[in-house]
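Please consult the sequence and the structure shown here while reading.

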Amino acid sequence: GHIPDVTSQLDGKLKLIEVETDDSINDQHTSDQWKLFAAYAKRDNAEFIIVVPKGAEAKAEKRKNELNVEGEVEGI
């Protein structure tokens, strides 16, 4: 029931990209998605990327670590 905001494939590697706002980082729905997408990425040798607004990277990294989720956080 969850679909990443963006999927792409570069050089044969699938990328799952989830875009968050500063307010959505700590939502339960977001936690559920991150756990699912990270598990899928790990299982299928894909990359999970969390995109957040500039300045919210530390908040997203903290939440990612609390959830024990593997992925890359990028601020834009």
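The model is predicted.

**The sheet.** The order S1-S2-S3-S4 describes an open sheet of 4 strands with mixed pairing. Strand S1 (6-10) and S4 are the edge strands; each has a single partner strand, so one side of each lacks a neighbour in the sheet. On average, and with direction ignored, neighbouring strands are turned by 30° against each other. Two of the pairings are listed below.

| Strand pair | Sense | Bridges | Bridge partners |
|---|---|---|---|
| S2 and S3 | parallel | 5 bridges | lysine 15 and glutamate 47 |
| S3 and S4 | parallel | 4 bridges | isoleucine 50 and valine 73 |

Strand S4 (residues 72-75) presents two faces: Val73 and Gly75 belong to the covered face, whereas Glu72 and Glu74 belong to the uncovered one. From S3 the chain passes through helix H2 (residues 57-66) to reach S4, and this β-α-β crossover is right-handed.

**The helices.** H2 lies across S3 and S4, and runs at about 165° to S4. Which strands does H1 touch on the sheet? H1 packs there against S2 and S3, and its direction makes about 170° with that of S2.

Note on methods. Residues numbered from 1 in each chain as written. Predicted model: local features only at pLDDT ≥ 70, side-chain atom pairs only at ≥ 80, totals over all residues. Heavy atoms only, no water. Buried < 20%, exposed > 50% of the residue type's maximum accessible area, 1.4 Å probe, protein only. Pairing = 2+ DSSP bridges. Right-handed = clockwise from strand over helix to strand, strands pointing away. Axes fitted to C-alpha atoms, helices over the stretch in contact; angles between N-to-C directions. Contact = heavy atoms within 4.5 Å.
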